[in-house]
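Notebook open, model loaded. I want to go through a few spots one at a time and jot down what turns up.

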Amino acid sequence: MQLAGETMLYLQQQLPRSLVDQLIREVLDAYSPSHNALDLELNGAVKELKLIAEGVIQENLRYLSAFLFLVTDTTFETSVSGHGNGWHIDGTTKYVSGDCYNIWIPIYTSSNETGLEVITHADNLEIYEQLGNPLLTANVITKVKSKQLFNKLTRREDSDLLIIGNDTNILEISSKDLSIHSILSPSVGDLAIFKQNELHRGRHSNGVRIQLSIKFVTNHSVVDNAYYVKTAPKMLSKHGRLESHLIKELLGFRLNSCTQL
Ligand SMILES: O=C(O)CCC(=O)C(=O)O
Ligand SMILES: [Fe+2]
């Protein structure tokens, strides 16, 4: 199956339970509640994931980095607090020239209203062409979040989304005209693959999701050294440490209850 130039791929229950458990063990080993580092080693489960992604994308990949985060009502509030109501391209896009794929895997979930939406390149070609590709600094302003600002900057009655691409490329559109891929109730072990420079956002309205996003770049991509400075481990705030303690506890419970089955 080919992904490059095609669409986002979402595989339900693609990963066998033994691989997910191994992945969670590797995440727990690499994760420390005092800072935000998650240096996964490219062996074991992560190597297995790389092989799966290479099979799908039909290109050789290099591991770049991994992010682990807790999605709850409160953390979600922060991620949708801006004008864009959560829509974004990843900030690290500007440090990578070439393709960078996000492998998105929920590794814990107690919610049936949580997930991801992606405005895929392949299904919205016209929009990405007008914005300029690759998007380096896309910003989104939504009518629902910032009505006054939106009305000030736009003309069309039916539009609800303003996407600001490279420099002067500004697009006023209606989300009805977009083809959006939605995942609204993923299970642990599901897997989505999309490019980090495709507009996307998390969705959430109850319960807890622990999310692992691993980035792989294509072999010929060049990563700016500033990326490693930007993503270097930082000490967490009190709230951040609380979140990471909860992540550790919940993942630990899941592993223990699995071995007892
Ligand atoms: O899972 C989410 O809520 C957001 C995911 C995301 O933005 C990412 O993986 O880059
Ligand atoms: Fe993202």
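This is a predicted model: local features need pLDDT of at least 70, side-chain atom pairs count only at pLDDT 80 or more; totals for chains, interfaces and linings use all residues.

I started just after helix 2, where Gln58 takes a positive phi of about 65°. Helices here are DSSP runs of H or I with at least four residues, strands are E runs of at least two, and both are numbered from the N terminus. Residues are numbered from 1 along each chain as its sequence is written, while chains are lettered from A and ligands numbered from 1 in the order in which they are written.

**Positive phi**

Gln58 belongs to the loop between helix 2 and strand 2. Is Gln58 buried or exposed? It counts as exposed, because it has 10 C-beta neighbours inside 10 Å. My cut-offs, with C-beta atoms placed from the backbone: buried is 20 or more other C-beta atoms within 10 Å of a residue's own, exposed is 12 or fewer, and partly exposed is in between.

Asn85 also turned up, with a positive phi near 50° in a residue other than glycine. I found Asn85 in the loop between helix 3 (73–79) and strand 3 (96–97). With 19 other C-beta atoms within 10 Å, Asn85 is partly exposed.

**Helix 2**

Back to the helix itself, residues 44–57. I checked its length: at 1.5 Å a residue, its 14 residues should span 20 Å, and the end C-alpha atoms are 20 Å apart, which agrees. (The expected span is 1.5 Å times one less than the number of residues.)

Which residues of helix 2 are buried? I got Ala45, Val46, Leu49, Val56 and Ile57. Looking down the axis of helix 2, I saw these buried residues fall within an arc of 105°, so they line one face. The arc is that of the directions from the helix axis to the C-beta atoms. Leu51 and Gly55, on the other side of helix 2, are exposed.

Then I asked what covers the buried residues of helix 2. The cover includes strand 1 (9–11), helix 1 (17–30), strand 2 (61–71), strand 4, strand 10 (191–195) and strand 12. Contact here means C-beta atoms, placed from the backbone, within 7 Å.

**Strand 4**

Nine of the 10 residues of strand 4 are buried. Strand 4 pairs antiparallel with strand 12 over nine bridges, and Thr109 has Arg209 as its bridge partner there. Strand 4 also runs antiparallel to strand 10, joined by four bridges, with Asn102 opposite Phe194. I call two strands paired if DSSP finds at least two bridges between them.

**Strand 5**

Five of the six residues of strand 5 (114–119) are buried, so it is largely enclosed by the rest of the structure. Six bridges pair strand 5 with strand 11 in the antiparallel sense, and Thr114 stands opposite His204. Strand 9 (180–183) is antiparallel to strand 5 over four bridges, where Val118 partners His181.

How values were computed. Two residues are in contact if their C-beta atoms, placed from the backbone, lie within 7 Å.
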